[in-house]
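User: Hello! I am new to this structure and would like a friendly tour of it. Could you show it to me?
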Amino acid sequence: MLPQLTKEILDGEIKVIIKTTHGDMAFKLFEKDIPKAVENFVTHAKNGYYNGIIFHRVIKDFMIQGGDPTGTGMGGESIWGNSFEDEFSMDYFHFYGALSMANAGPNTNGSQFFIVQNNHLDARTLDALEQGGWPEEAIKGYAEVGGTPHLDHRHTVFGQLLEGAETLEKIAAVETGAQDKPVEEVVIVGIDVE
């Protein structure tokens, strides 16, 4: 079993709770293996950078995206002021509940992130992963929980949902308007780092 899909907080992982107007979601972050993305997220969380920011893009059966102080999908910056490089690993994948960096292409990470909400993959997609050389454990994980494998090694996965799937589902189900923006705002109240 991949460490990403275990419910315990393992050595080199830390726990955070994203509190939203629709409920809380707890995640474990992969500090040891994905240090820059985790440092960026945790520092922003502790500084209150994400407080009051909306989830500006919600696409049911795909993902929910936030972390942009402008609320447009065009803003936000890293704790270093400029974008930072991707961190890819063959241990972390875009399973249901994965917390991953949003970007505008390779090595353009800032403050925006998304949470994978797709929970189903068809047999054809799973066969394609096998053909594409995905590790057996990853294919098993995708078969069990779903996800968005087409984003693997395009976006940095730095965390995984532990508790609060009902909150993720509630947010994914909100009514959206132009550019997949929720009609009624879904706001990050704060992020606790344990």
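Analyst: About 150 Å³ of space lies in the second largest pocket. A pocket is an open set of points on a 1 Å grid over the protein atoms alone, where a 1.4 Å probe fits, with protein on both sides within 12 Å along at least five of seven lines; lining residues have an atom within 4 Å of a point. Volume is the space filled by probe spheres set on the points, joined across faces, edges and corners. This is a predicted model, in which local features need pLDDT of at least 70, side-chain atom pairs count only at pLDDT 80 or more, and totals for chains, interfaces and linings use all residues. Residues are numbered from 1 along each chain as its sequence is written, and side-chain values use heavy atoms, leaving out hydrogens and water.

User: Which strand gives the largest share of the lining of the second largest pocket?
Analyst: Strands (E, at least two residues) are DSSP runs, numbered from the N terminus. Gln160, Leu161, Leu162 and Glu163 are among the lining residues. The largest share, four residues, comes from residues 157-163, strand β7.

User: What is the volume of the largest pocket?
Analyst: Its lining has 25 residues, with Gln65, Gly73, Ala102, Asn103 and Gln112 nearest the centre. β3 (55-59) and β4 (63-66) each supply at least two of the lining residues. The volume of the largest pocket is about 460 Å³.

User: Which residue of β4 is the bridge partner of arginine 57?
Analyst: β3 and β4 run antiparallel, joined by four bridges; two strands pair if DSSP finds at least two bridges between them. The partner of arginine 57 is glutamine 65.
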